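Please view the sequence and the model first.

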Amino acid sequence: MYVSAVIAAGGKGKRMNSVKSKQYLPVKGFPILYYTLTVFETLREIDEIILVVGEQDLDFVRKDIILKYKFKKTRLIEGGLERQDSVYNGLRSCSPQTDIVVIHDGVRPFITHGIILESIEAAKLYKAAGVAVPVKDTIKIVEDGFIKATPDRRKLYAIQTPQTFMYEVILKAHEIARKEGFYGTDDAVLVERLGYKVKIIDGSYENIKITTPEDIIIAEAFLNLGFGEFKKR
Ligand SMILES: Nc1ccn([C@@H]2O[C@H](COP(=O)(O)OP(=O)(O)OP(=O)(O)O)[C@@H](O)[C@H]2O)c(=O)n1
Ligand SMILES: C[C@](O)(CO)[C@H](O)COP(=O)(O)O
């Protein structure tokens, strides 16, 4: 089986409120994206990495990340306006022999090899798999500033990445969504709406998506503690 990874790193990171996009912010001396790519570069089962970045960042990423850190499996391509557009560009750039594609956010550096491998195995069995964790808070549905409903927490999961699919399934789902003008905030929803059952596999509360400024402090603490694949040296 030929396994491609699509790493989505074409966002502007508006919620981070920083001049530089958040995937390039340094944590303990290295850009966040360096950590995420390192996890995938060092996993033998990943055959190629398609890294999707904003058009304005292509030269900088090629020189200051891919060449500088000698990432051998990574190919760089241009992203789109929304995350979904970036992932679609990534999917179209996968090698023709791709069987399975692992889609991951460039800003989730604490993913582990173990979880990625489980997601690949689940995609082989079920065609579609997403990593998720049970929500810790009680979630309310709110309308016009008032609580409308309180869904049963036992059924609520926070979806993460990687989300891993048989290649032809996710490519078709993206193409249909584009044709119909449907935009979702993850990739699983695009196959859900076609009737596929997406297998949930256990994620990790460490697999945070670096989104707002306090997440940088958390990421630094996680690195100091040797979380993810970044064991204490
Ligand atoms: N046009 C886009 C938008 C987002 N992403 C990527 O998708 C991942 C998850 O998105 P999110 O955390 O929302 O990132 P941003 O869109 O950059 O953040 P914000 O919504 O705060 O602007 C990130 O790695 C981001 O770089 C992307 O590849 N292309
Ligand atoms: C795909 C995702 O990581 C699942 O949690 C997330 O939805 C992407 O982030 P965004 O902030 O919604 O773009």
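## Ligand site and cavity

A side-chain N or O atom of Ser86 lies 2.7 Å from a nitrogen atom of ligand 1. The model is predicted: local features need pLDDT of at least 70, side-chain atom pairs count only at pLDDT 80 or more, and totals for chains, interfaces and linings use all residues. Residues are numbered from 1 along each chain as its sequence is written, chains are lettered from A and ligands numbered from 1 in the order in which they are written, and side-chain values use heavy atoms, with hydrogens and water left out.

| Residue | Protein atom | Ligand 1 atom | Distance |
|---|---|---|---|
| Ser86 | side-chain N or O | nitrogen | 2.7 Å |
| Ala8 | backbone N or O | oxygen | 2.7 Å |
| Arg83 | polar backbone atom | nitrogen | 3.5 Å |

On its own, ligand 1 has 560 Å² of accessible area (Shrake-Rupley method, 1.4 Å probe), and the protein covers 89% of that area. Strand 1 (3–9) and helix 3 (83–92) are the elements that give two or more residues to the shell around ligand 1; helices (H or I, at least four residues) and strands (E, at least two) are DSSP runs numbered from the N terminus. The shell has 19 residues (a heavy atom within 4 Å), and the closest are Ala8, Gly10, Gly13, Lys14 and Ser86. By class, eight are charged, seven polar and four nonpolar. Here Ala, Val, Leu, Ile, Met, Phe, Trp, Tyr, Cys and Pro count as nonpolar, Asp, Glu, Lys and Arg as charged, and the others, Gly among them, as polar.

What space is left inside the protein? Rolling a probe the size of a water molecule over the atoms shows where empty space is left. There is one cavity of 30 Å³ or more, and the largest cavity holds about 40 Å³ of space. A cavity is a set of points, on a 1 Å grid over the protein atoms alone, where a 1.4 Å probe fits but cannot get out; lining residues have an atom within 4 Å of a point. Its volume is the space filled by probe spheres set on the points, which are joined across faces, edges and corners. The lining of the largest cavity consists of Val27, Ile32, Tyr35, Pro109, Phe110, Ile210, Ala219, Leu223 and Phe230. These nine lining residues are nonpolar, with no polar and no charged ones.

Two backbone details remain. Thr161 and Pro162 are joined by a cis peptide bond with omega of about 15°, and Pro162 lies in strand 10 (residues 157–166). Lys127, in the loop between helix 4 (113–126) and strand 7 (128–134), has a positive phi of about 75° although it is not a glycine.

Technical notes: A polar contact is a pair of N or O atoms within 3.5 Å; within protein, one must be able to donate a hydrogen and the other to accept it, and residues adjacent in sequence count only if both atoms are side-chain atoms. On a 1 Å grid over the protein atoms alone, a cavity is a set of points where a 1.4 Å probe fits but cannot get out, and a pocket is an open set with protein on both sides within 12 Å along at least five of seven lines; lining residues have an atom within 4 Å of a point.
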